[in-house]
Amino acid sequence: MEHKIPRVVYVSTAYVCGNWKGVWREEDFFLGQEFKNCYEQSKWLGEAYVREQAANLETVILRPSIIVGRSSDGRTDSFE
């Protein structure tokens, strides 16, 4: 019987780089950056945890810039 590794798909944010100026690369994740708000920081903390567990899990991290729409049907009243 083949043992399957659990897969985790984590929805983060494009803003986990915080207030970092300049080019930010995947390997730059732990730079001590500061964040504009608690949302950015909480997504960074969540992603940091997923990264720590990556040796034991198959992981995919998605970083959309913004997510909008009602949870029931995805509809949004405005797009700014």
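The model is predicted, so local features need pLDDT of at least 70 and side-chain atom pairs count only at pLDDT 80 or more, while totals for chains, interfaces and linings use all residues. Residues are numbered from 1 along each chain as its sequence is written, and side-chain values use heavy atoms, with hydrogens and water left out.

**Exercise 1.** Determine how many aromatic pairs the whole structure holds, and classify the pair of F29 and F30.

*Solution.* 
Step 1. Rings of Phe, Tyr and Trp (its six-membered ring) pair if their centres lie within 6.5 Å; planes under 30 degrees apart count as stacked, over 60 as edge-to-face, and the rest as tilted.
Step 2. A search of the whole structure finds 5 such pairs.
Step 3. The ring centres of F29 and F30 are 4.9 Å apart and the planes stand at 85 degrees, so this pair is edge-to-face.
Step 4. Buried means under 20% relative accessible area, exposed over 50%, and partly exposed in between (1.4 Å probe, protein chains only). F29, at 1%, is therefore buried, whereas F30, at 53%, is exposed.

**Exercise 2.** Describe how F29 and W44 are arranged, and state where each lies in the chain.

*Solution.* 
Step 1. F29 and W44 are stacked, with 5.1 Å from centre to centre and 10 degrees between the planes.
Step 2. Helices (H or I, at least four residues) and strands (E, at least two) are DSSP runs, numbered from the N terminus. F29 lies in the loop between β1 (7–11) and α1 (38–53), and W44 lies in helix α1, 15 residues apart, so the pair links distant parts of the chain.
Step 3. W44 has a relative accessible area of 15% and is buried.
Step 4. One aromatic cluster is formed by W24, F29, F30, F35 and W44.

**Exercise 3.** Describe the surroundings of E47.

*Solution.* 
Step 1. E47 belongs to helix α1 and, at 0% relative accessibility, counts as buried.
Step 2. Contact means heavy atoms within 4.5 Å. Apart from neighbours within four places in sequence, E47 is in contact with residues including Y10, F29 and R63.
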